[in-house]
Amino acid sequence: MSLVRDLWLRARWGNPIVVVSGLPRSGTSMMMKMLLAAGLEIVTDEIRAADEDNPKGYFELERVKDLDKSGDKTWLKAHRGKVVKVISFLLKDLPDDNAYKVVFMRRSLDEVVASQNKMLVRRGEPTDPASDAEMIERYRTHLRRTEALIGGRKNFRWLDVSYNEILGDPRGPAERVARFLGGRLSVDRMVEAVDASLYRNRAR
Amino acid sequence: MFCSRVKIDRALLRKIRMYSKIAGYSSPSEFVTHALEKEIAILEEADSEEEIKKKLQGLGYID
């Protein structure tokens, strides 16, 4: 069934854009690194350089940050068949003239919020006045909302991947990602790209 | 009240019937209406998205 769906997507919209998504600090950069190691072409302008929060780099593209604003989005067509990082908040703004295969990173929301708080402090930004519990609830709603908004769009295919599972044993998730993206990726290289030493905000 | 028909896959309908009984709804229609109302409330939740947007701007993920 998924093979038929893939063929239909390709026939209608061309080669899908691989989108790595999720909340910030949910392992999206790690997945970008895994896909790069597996042999896929990553789209990044490297404007946002590696720092203490993401020592291996962010793999971002500045233009993506404006997806929620009206404007020309046809530039995305040039990236069909490549990998682009788009945070969950901007997924709904991807235009319908491409097909997308979304690798969606899931991580314990306690860990996401703890990691985001540390990042805000390091950036000298005010920390959120909402309590962590409130923020977790907002994110929970946001994730359900995102799923609902994307669920009915025929040009999207979606795979959930657990960050916490990858750090426990990356082979299983790597095999699922490889299958989802067509099966010709090197699972061994994806596994080797995982650096568990970066797992610094564990849920207690 | 006006009613509209919606096509639902047979396997899903079986589950709707089963869980509406388990959850104590008076009918599958009441269960479906309640589930859809909850889902639509999430879609209409704009306030928390604004708060999230501010946080993501602070983190440098959106402009």
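Predicted model: local features only at pLDDT ≥ 70, side-chain atom pairs only at ≥ 80, totals over all residues.
Biologist: What makes Lys65(A) and Glu62(A) a salt bridge?

Modeller: Their closest N and O atoms are 3.0 Å apart. The cut-off is 4 Å between a side-chain nitrogen of Lys or Arg and a carboxyl oxygen of Asp or Glu, so the pair qualifies as a salt bridge. Side chains of opposite charge can pair when their charged atoms come close.

Biologist: How do the two partners compare with the burial limits, buried or partly exposed?

Modeller: Lys65(A), at 7%, is under 20% and therefore buried. Glu62(A) has 23% relative accessibility; that falls between 20% and 50%, so Glu62(A) is partly exposed.

Biologist: What makes Lys53(B) and Asp68(A) a pair that joins two chains?

Modeller: Their side chains meet in a salt bridge, at 3.6 Å from N to O. Lys53(B) lies in helix H3 (residues 47-58) of chain B, and Asp68(A) in the loop between H2 and E2 of chain A, so the pair joins two chains. Lys53(B) is partly exposed at 22%, and Asp68(A) also has a relative accessible area of 22% and is partly exposed.

Biologist: How do you know that Arg106(A) and Asp160(A) link distant parts of the chain?

Modeller: The salt bridge itself has its closest N and O atoms 2.9 Å apart. Arg106(A) is in strand E3 (residues 100-106) and Asp160(A) in strand E4 (residues 156-162), 54 residues apart. With 23% relative accessibility, Arg106(A) is partly exposed, and Asp160(A) is partly exposed at 38%.

Biologist: Which residues are joined into one network by salt bridges that share partners?

Modeller: Glu60(A), Glu62(A), Lys65(A) and Lys85(A). Over all chains, the count comes to 21 salt bridges.

Biologist: What lies 2.5 Å from a polar atom of the side chain of Ser26(A)?

Modeller: The backbone oxygen of Leu23(A). The limit for a polar contact is 3.5 Å, so this pair falls within the limit.

Biologist: Let's finish in chain B. How do you know that the reach of H1(B) is close to what is expected?

Modeller: H1(B) has 13 residues and reaches 19 Å from its first C-alpha to its last, against the 18 Å expected at 1.5 Å a residue. At the start of H1(B), a side-chain oxygen of Asp9(B) comes to within 3.1 Å of the backbone nitrogen of Ala11(B). Just after H1(B), Gly24(B) has a positive phi of about 85 degrees.

Biologist: And which residues make a nonpolar surface patch of about 270 Å²?

Modeller: Val6(B), Ile8(B) and Leu12(B). Patch members need over 30% relative accessible area; Ile8(B), at 34%, passes that limit and is partly exposed.

Terms used. Residues numbered from 1 in each chain as written. Chains lettered and ligands numbered in written order. Heavy atoms only, no water. Patch = residues over 30% accessible without salt bridge, like charges linked within 9 Å, V, L, I, M, F, W, Y side chains within 5 Å. Areas by Shrake-Rupley, 256 points an atom, 1.4 Å probe, with all protein chains shown as cover. Buried < 20%, exposed > 50% of the residue type's maximum accessible area, 1.4 Å probe, protein only. Helix = DSSP H or I, 4+ residues; strand = E, 2+ residues; numbered from the N terminus. Expected span 1.5 Å × (residues − 1). Polar contact = N/O pair within 3.5 Å; in protein donor to acceptor, adjacent residues only side chain to side chain.
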